[in-house]
Amino acid sequence: MNEPLTQRHWLTHVAPKAAPAVATSTVLIIGRIWNANGAEHSVGNAALMVVLTAGAATAGAFASTGRGGGDGVLAGTAFATSGALALAGVSGYADGWSLPLLLWAVATVVAYGIAARYWRTDRRDRTAHERHTTVRREEHAHVERVEALRAGAQIETARAGAAYAEQLATALITRATRPGYDPAALTRAGLPELPAPTKHQ
């Protein structure tokens, strides 16, 4: 069983590793742009971000404690949204870079910590799949080798039978041409009688 081999582009390996830093950096940049456009020390904007952050965190808490153990993907998305809103709110409200950069660093580390867990799980699943695929290929290759050997043995047996039949027929024909040949003597000796030749129309 031949399966196509595909080689992924190097960006497909790098992109997942850079995604957490790109996400937190994007939120920081948007927050600072918002800061430059009037969000600095704006109580209304800060209150809005607090409400949105609390709402996202609450949604994440409900999603993680729902029936059947909760939805991990939904809870993770809600908590990530809550963290992003908090970072954007602080970046937009603060008048300097120190606090936004500190929160950006913390958020990036936390994001990589969470992502590393999923990367380990994905790596384990991929390794298990590769092992299963390798075992399956070896089993198919073994079955193909056994069938090839069996077919070769059957072919050799058929060739040997055909060669024996040809030699026997040659011996009988040669014996029949000699003087004193008596086919009835073969029958009396207990040898099987050869079928009479049939005429083809």
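In the predicted model, a polar contact of 3.3 Å links the side chain of Thr24 to that of Trp104; a polar contact is a pair of N or O atoms within 3.5 Å, where, within protein, one must be able to donate a hydrogen and the other to accept it, and residues adjacent in sequence count only if both atoms are side-chain atoms. The structure is a predicted model in which local features need pLDDT of at least 70 and side-chain atom pairs count only at pLDDT 80 or more, while totals for chains, interfaces and linings use all residues. Residues are numbered from 1 along each chain as its sequence is written, and side-chain values use heavy atoms, with hydrogens and water left out.

Thr24 belongs to helix H1 (residues 10-39); helices are DSSP runs of H or I with at least four residues, numbered from the N terminus. With a relative accessible area of 8%, Thr24 is buried, a term that means under 20% relative accessible area (1.4 Å probe, protein chains only). Apart from neighbours within four places in sequence, Thr24 is in contact with Leu87, Trp104, Ala107 and Thr108, contact meaning heavy atoms within 4.5 Å.

Leu87 also belongs to the largest nonpolar core, whose 6 residues are Val27, Met49, Ala56, Leu85, Leu87 and Ala88. Such a core is a set of buried Ala, Val, Leu, Ile, Met, Phe, Trp, Tyr and Cys residues joined through side-chain atoms within 4.5 Å. Two or more residues of this core are given by each of helix H2 (43-64) and H3, and H3 supplies the largest share, 3 residues. When neighbours within four places in sequence are left aside, Ala88 is in contact with Val27, Gly31, Trp34 and Met49.

Ser91, found in helix H3, is buried at 0% relative accessibility. The Ser91 side chain reaches the backbone oxygen of Leu87 at 2.8 Å. Not counting residues up to four places away in sequence, Ser91 touches Leu28, Gly31, Arg32, Asn35 and Pro100.

The largest pocket is lined by 26 residues, of which Gly76, Phe79, Ala80, Ala111 and Ile114 lie nearest its centre. H1, helix H3 (72-93) and helix H4 (98-176) each give two or more residues to this lining; the largest share, 11 residues, comes from H3. A pocket is an open set of points on a 1 Å grid over the protein atoms alone where a 1.4 Å probe fits, with protein on both sides within 12 Å along at least five of seven lines, and lining residues have an atom within 4 Å of a point.

Notes. Buried < 20%, exposed > 50% of the residue type's maximum accessible area, 1.4 Å probe, protein only.
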